[in-house]
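Here is a short briefing to read alongside the structure.

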Amino acid sequence: MWTIFQHEFLWFMIIFCRVSVVVTMGPFFIIKGVPFPVKIALAALISLMIVPTVSNQALSIQFQYLNFAILIMKELTIGLLIAYGSSFVFATIQMAGHHIS
């Protein structure tokens, strides 16, 4: 039996996985001027803001170790796709700007 705190912590970990990949690999934060601890702190802050909206709706999900590991891998993959997709969009805009000028 999971308590409310444990459910919220598991949801935080799931959300943190996706957000941390997007923040660390996204086009705005890939520059070398932003230190890695700042990126992780920003990802944790964003995750903490998102958890209350998700955890209240989905408390009935049963967490098991294998399912949780698969869910984490899925979230990491989705985060990578979002980060690379947004990097692709920004690279396209930058290339269009170079061709115009």
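Among contacts in the protein between residues at least 6 apart in sequence, 80% join residues at least 24 apart. Please keep in mind that this is a predicted model. The protein is built with three helices and zero strands, and the structure holds one aromatic pair.

**Overall layout**
- Helix 1 covers residues 4–25.

**Burial and surface**
- The protein has 101 residues, and 25% of them count as buried.
- Its accessible surface comes to about 7,200 Å².
- Carbon and sulfur atoms account for 76% of that surface.

**The aromatic pair**
- A pair of aromatic rings is described by the distance of the centres and the angle of the planes.
- In the one aromatic pair of this structure, the partners are F12 and F16, with ring centres 5.7 Å apart.
- The planes of the F12 and F16 rings are at 20°; planes under 30 degrees apart count as stacked, so this pair is stacked.
- Both partners sit in helix 1, and because F12 and F16 are four residues apart there, about one helical turn separates them.
- Buried means under 20% relative accessible area, so F12 counts as buried at 16% relative accessibility.
- F16 has 17% relative accessibility and therefore counts as buried too.

Key
Residues are numbered from 1 along each chain as its sequence is written. This is a predicted model: local features need pLDDT of at least 70, side-chain atom pairs count only at pLDDT 80 or more; totals for chains, interfaces and linings use all residues. Side-chain values use heavy atoms; hydrogens and water are left out. Helices (H or I, at least four residues) and strands (E, at least two) are DSSP runs, numbered from the N terminus. Buried means under 20% relative accessible area, exposed over 50%, partly exposed in between (1.4 Å probe, protein chains only). Contact means heavy atoms within 4.5 Å. Accessible areas come from the Shrake-Rupley method with a 1.4 Å probe; for residues, only the protein chains shown count as cover. Rings of Phe, Tyr and Trp (its six-membered ring) pair if their centres lie within 6.5 Å; planes under 30 degrees apart count as stacked, over 60 as edge-to-face and the rest as tilted.
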